[in-house]
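Hi,

Here is the structure I said I would pass on to you. Have a look at it first, and then read on for what turned up.

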Amino acid sequence: MQFHHHGYVSTDPRVQPAAGIGLNRSAELPDEMDVLIVGTGPAGMIAAAQLSMFPNINTRIIERRASRLEIGQADGIQARSVETFQAFGFARQLINEAYWITEMAFWKPDPENPENIIRTAQPKDDPTGISEFPHLIVNQARILDYFAEYMKMSPTRMEPDFGYEFLDLTIDRSQEYPVEARLRYTAGPNEGQERTVRAKYVIGCDGARSGVRRAIGRKLEGDQANHAWGVMDVLANTDFPDIRLKCAIQSHEGGNILLIPREGGHLFRMYVDLGVVTEEQSKTIRQTTIDEIIARANKIIAPYTLDVKNVAWHSVYEVGHRLTDKFDDLPNDSTDDETPRVFITGDACHTHSAKAGQGMNVSMQDGWNIAWKLGNVLSGRSSERLLNTYSRERQVIAKNLIDFDKEWSTLMATRPEDLPDPQYLEEFYVKTAEFPAGFMTEYTESMITGTKEHQELASGFPVGKRFHSARAVRRGDANPLEIGHQHTADGRWRIYVFADDATQTDETSKLNAWAKWFKEDATSPLNQFTPADGDEDAIFDTKVIYQQPHLEIEVTSAPKAFVPQCGPFKLDVLENVYAALPEDDIFEKRGISRSGAVVVVRPDQYVSGVFSLEDTAGLTAFFEGALAK
């Protein structure tokens, strides 16, 4: 964390100086704003948190509830989400608070006594080490709290506006604020009254029954699986030995259970199979009582028993897989000359079962995706064409998720004897682990995702996929760090420059030639796109990683491209010079060419391109397409 560059700080350094909108933030929802976010679920809160870092963008987030969420339905936090939380500064606090999933137990009918279940396997949750972060379980309400805290400490001092229900919207593109939204007060002295506000853009994060989706004419299309599940968060005593392990429990005749231990050491969640339901039963299945769900659970886990002492929350739902054809308001035959004004995220545009633990995780990536893009457009860093990439990128990801979830939820509801072989479920869980963990997302070529022409220069950083962090030594303080963990959610682009094998002072070094061009050439991205009144690292956070041990290089000898000046005192930033660790060489670990490479990472941690140190023209062309002067 970097601070003191505006003067000495003796208070909590996470609280950034108020700026822009934050200097005089209105307590009352204004009549006009740049971005209106509808709904304070995970997608809405991460979008608001990202936009809170753009001081001159007036963003408001409304919620029909009168106050914060107390009991959240979602609880699974995949490793990709924890990587995301690192960028927002609260990964470590959450890790300390959450339940960690390290292994998963599989239970099936005892072949000698099918009425009873036995443990058949207990594989590791992440056997290949696809992330340095763990798979966590924690109440969704706590995630929202962390984002709310982040927003409040941001330059804009943003806070949710509770007590507003979204009713409808209309769009008039001839206006400066084209979207008019009709709202209703749901709390306070004006409860029941309506009012209108105008916005340049609206993000609908208002769930499966989304009013924003309805207002722009989109529909969720898909089918019901006609299979019902009862879910309950309970405190109970039991003789079931794996009550503190994630479990897939398949009984002979009683159905199945997905068991999820919760944070705190006592609470756990059970997804209890209620069986196939007919169309007529579908009308009444939601009336299944908690006592019936508990009885069903006891039948499934025989010979073990469950003595429930307290029910924190429960519900009944049917698995549904639905998707909208686009995630914005543009007609399907629109061209790149037209840009959207309204966007939908999360359950508003894709729904699926809870079995793969994807709902909150994928929704947050939706919200982050559109938010950094709106931040760049509204702050003048990029053209409005950038907004067309949101639906194109995220709709494909949602379709892949639904296809995966259909297979996983079907397997969870299948009797063991009906599977292709006895180990099929366990093997599917292990071999597909990278997908539910959030690491199979791969964006295709666009204005912000380049080609794979030079992929061999950095094979461990696939273009279009998330930047997989690795360790290196920060030379200034000799600390070995995960370089990806220094990527904060500030809307900036990251440029990781991996040096060639020349020494730091070698006049023939390709790294030094690249740095001289980047710093001094008028056509370089640094000089084309850095605002005249901004810090040298306002748009690009540029780091160098040398191949030599850290004692063979010096920060003071590093090119000025990697020692930018910031703040009113123009202080040198001494945290951008790194060296490879001899025992954990990032060049070997991530397949970096010894001739060097340049890896560009966009603000939401996805790799945009890989370039050679000589290909300065290619790097310039990429940013000329992605950014605006």
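Let me start with a question: which residues lie nearest the centre of the largest cavity? Keep in mind as you look that this is a predicted model.

The ones to pick out are Glu83, Phe467, Ser469, Gly484 and Gln605, which belong to a lining of 13 residues. That cavity holds about 100 Å³ of space, and it is one of 3 cavities of 30 Å³ or more that a search of the whole structure turned up. Helix α2, residues 79-87, provides the largest share of the lining, with 3 residues. By class, you get 6 polar, 4 charged and 3 nonpolar residues around the largest cavity.

Next, the second largest cavity, with a volume of about 80 Å³. Its lining includes Phe518, Lys519, Leu526, Phe540, Asp541 and Asn576. Both α10 (510-520) and β22 (540-546) put at least two residues into that lining, and β22 gives the most, with 3. Here the classes come out as 5 nonpolar, 5 charged and 2 polar residues.

Besides lining the second largest cavity, Phe540 is among the residues with the most contacts inside the largest nonpolar core, along with Phe88, Phe147, Trp493, Trp514 and Phe623. That core has 110 residues. Helix α7 (residues 359-378) gives the most to this core, 8 residues, and at least three residues come from each of domain 1 and domain 3.

What does Phe540 touch, leaving out residues up to four places away in sequence? The list is Arg492, Trp493, Ile495, Phe518, Pro525, Leu526, Phe529, Phe623 and Leu627. Two of these, Phe518 and Leu526, also line the second largest cavity.

Finally, the domains. Where domain 1 and domain 3 are in contact, 14 residues of domain 1 meet 14 residues of domain 3.

Happy to go through any of this with you.

Cheers

Methods: Residues are numbered from 1 along each chain as its sequence is written. This is a predicted model: local features need pLDDT of at least 70, side-chain atom pairs count only at pLDDT 80 or more; totals for chains, interfaces and linings use all residues. Side-chain values use heavy atoms; hydrogens and water are left out. On a 1 Å grid over the protein atoms alone, a cavity is a set of points where a 1.4 Å probe fits but cannot get out, and a pocket is an open set with protein on both sides within 12 Å along at least five of seven lines; lining residues have an atom within 4 Å of a point. Grid points are joined across faces, edges and corners, and a volume is the space filled by probe spheres set on the points. Helices (H or I, at least four residues) and strands (E, at least two) are DSSP runs, numbered from the N terminus. Ala, Val, Leu, Ile, Met, Phe, Trp, Tyr, Cys and Pro count as nonpolar, Asp, Glu, Lys and Arg as charged, and the others, Gly among them, as polar. A nonpolar core is a set of buried Ala, Val, Leu, Ile, Met, Phe, Trp, Tyr and Cys residues joined through side-chain atoms within 4.5 Å. Buried means under 20% relative accessible area, exposed over 50%, partly exposed in between (1.4 Å probe, protein chains only). Domain bounds come from an automatic or database domain assignment. Contact means heavy atoms within 4.5 Å.
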